Amino acid sequence: MSRFTQALLILILLWAASYAAASLLEKGRFGADKIAVIPITGSIMVGGYDGFIAAGLSPDTILETIKEAEEDKSVKGVIIELNTGGGTVVGSKEIADAVKKLKQTKPVVALIRDIGASGGYWIASSADRIVADPLSLTGSIGVMGSFLQFSGLFDRYGVEYERMVGGKYKDMGAPFREPTDEELALLQKSIDKVHDYFIKDVAANRNLDEDKVRKLATGELFLGIEAEELGLVDELGNLGTAVNITKGLAGIEDASVIRMKEHTALFNLFSGFSSKAAYFIGKGIGAELKAVDNGMLIRA
Amino acid sequence: MPKKVSVFKPAEFPAVLWKRAAAYIIDSVIIGLIIALPFQDLLKEYEDKPFSFFFSNANVSMNLFLVTLVSVLILMAYWTIFEFKFQQSIGKMLFNIKVHSLKGSLTVRQAFLRNISKISTILLLLDVIYMFAKKGRQRYLEVISGTEVIEALPLQLGRI
């Protein structure tokens with residue numbers, strides 16, 4: 001082995017030793033107390049996709065971050081910083097369940113910024129305490145299963161939908177035809193069950209009477225100040241408030257506040273760009289169709 | 001044909017001071033990269049803190065102590081391993097100077113001892129001041145360890 005190779009190997013070994021030591025110290029075996037802030041921003045969608053239209057926040061990335069905070073011994077408390085209007089039922093529930101599991105080992109405080117509604121509120125309700133700005137939007141304890149239905153548009157342009165199914169409910173909710181009353185009733189039954197589950201979970205999480213939560217669960221959005229009066233939020237404030245509450249719950253006087261990095265897959269980064277492009281293309285086509293329909297022809 | 005004879009033996013030709021200084025700077029940069037880069041994220045959370053913060057909290061003080069300890073160990077490992085194995089650190093290789101033992105082959109103990117002052121700028125300064133004060137070519141720890149830094153290649157002054 002040449003001298004150069006030997007020297008390079010020694011340098012690499014020294015760097016590896018340094019990196020290992022830094023990783024150990026960072027993992028908090030010997031480190032200062034920390035409060036981890038886990039941001040949840042955007043629509044929550046399992047896989048990060050809602051069809052092909054929009055790329056949202058995959059709960060998998062949040063679950064990984066929560067697990068990291070749970071395993072880090074130097075993290076004494078966690079703040080879940082919410083800026084989300086919710087998303088898919090399963091995605092929101094997965095994160096809410098992870099928060100409930102996390103709070104068994106260390107205190108968790110939810111901080112609602114601009115908006116922490118629907119699935120976002122479900123996640124917040126799973127924490128030990130909720131802090132919101134007086135003008136934050138929260139609540140919206142409800143479920144939405146609305147879908148677009150193009151049968152009228154198809155009729156206008158002479159497009160027909162040839163229905164071929166095995167199982168009468170197989171194409172239930174398909175946007176190409178009008179749903180039957182029976183199908184609407186079935187969909188509504190599922191939505192009601194999910195809504196009921198949501199209500200019961202929030203009531204249990206917040207230690208509120210189920211009937212009271214049911215009355216509030218109209219899907220209405222509340223300002224932070226209103227939510228506090230209704231018992232949906234514990235305290236009005238900001239990140240500083242959340243940090244102080246977390247320190248108090250953790251029984252520590254001083255701590256570094258660190259923002260946990262979101263684990264965003266490279267594919268999701270690209271898909272975010274392409275879905276935004278798709279959105280604007282669709283918007284443009286829609287505007288053109290509307291203009292032609294109105295007897296106008298828009299010229300560039 | 002006259003014989004080409006080198007007038008000075010390598011062991012008797014000390015390395016010029018500017019080469020030693022330049023070699024030290026290069027080694028310091030390399031060591032800085034090895035130690036500083038992995039600790040970048042860890043130290044980032046402390047960058048806004050006042051000096052007093054580091055002594056206000058037992059956990060922070062312990063963290064700081066451990067970071068310092070690791071840095072010193074890596075630094076000493078660099079100098080000791082390179083100088084024992086190659087008689088040269090990377091900086092010394094670039095300037096063609098090397099460590100020579102006055103007591104036979106260079107040992108690990110000698111390589112370690114001669115570099116202890118490099119863990120602290122103040123210690124190193126005192127070590128170098130000794131060299132100037134004695135008008136010699138060895139730092140204090142080089143005298144203790146029985147080593148010196150010389151030119152790596154013999155100098156041929158012509159033909160005799």
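Which side chain meets that of Asp201(A) in a salt bridge? In this predicted model, the partner is Lys100(A), with a distance of 2.9 Å from N to O. Asp201(A) counts as buried because its relative accessibility is 13%, under the 20% cut-off. Lys100(A), at 23%, counts as partly exposed.

Side chains of opposite charge can pair when their charged atoms come close. Over all chains, a search of the whole structure finds 24 salt bridges. Another one in chain A is formed by Asp33(A) and Lys76(A), at 3.9 Å from N to O. This pair also links distant parts of the chain: Asp33(A) sits in the loop between helix H1 (3–26) and strand E1 of chain A, while Lys76(A) sits in strand E4 of chain A, 43 residues apart. Asp33(A) has a relative accessibility of 12% and therefore counts as buried. Lys76(A) has a relative accessible area of 30%, so it is partly exposed.

Strands E1 and E4 come up again at helix H9 of chain A. Strand E1 (34–41) and strand E4 (75–84) are among the elements that cover the buried residues of H9(A). The cover also includes strand E5 (108–117), strand E6 (129–132), strand E9 (235–236) and strand E10 (256–259) of chain A. The buried residues in H9(A) are Thr241(A), Ala242(A), Val243(A), Ile245(A), Thr246(A) and Lys247(A).

The helix itself runs over residues 239–250. Its 12 residues, at 1.5 Å a residue, should span 16 Å, and this agrees with the end C-alpha atoms, which are 16 Å apart. At the start of H9(A), a side-chain oxygen of Asn238(A) comes to within 3.1 Å of the backbone nitrogen of Gly240(A). Just after the helix, Gly251(A) has a positive phi of about 70 degrees.

In chain B, the side chains of Arg114(B) and Glu83(B) form a salt bridge of 2.7 Å from N to O. Here the two distant parts are the loop between helix H4 (108–113) and helix H5 (121–133) of chain B, which holds Arg114(B), and helix H2 (residues 58–86) of chain B, which holds Glu83(B); the two residues are 31 residues apart. Both Arg114(B) and Glu83(B) are buried. They belong to one network, in which salt bridges with shared partners join Arg20(B), Glu83(B), Lys92(B), Arg114(B), Asp127(B), Arg139(B) and Glu142(B).

Note on methods:
Residues numbered from 1 in each chain as written. Chains lettered and ligands numbered in written order. Predicted model: local features only at pLDDT ≥ 70, side-chain atom pairs only at ≥ 80, totals over all residues. Heavy atoms only, no water. Helix = DSSP H or I, 4+ residues; strand = E, 2+ residues; numbered from the N terminus. Expected span 1.5 Å × (residues − 1). Buried < 20%, exposed > 50% of the residue type's maximum accessible area, 1.4 Å probe, protein only. Contact = heavy atoms within 4.5 Å. Polar contact = N/O pair within 3.5 Å; in protein donor to acceptor, adjacent residues only side chain to side chain. Salt bridge = Lys/Arg side-chain N within 4 Å of Asp/Glu carboxyl O.
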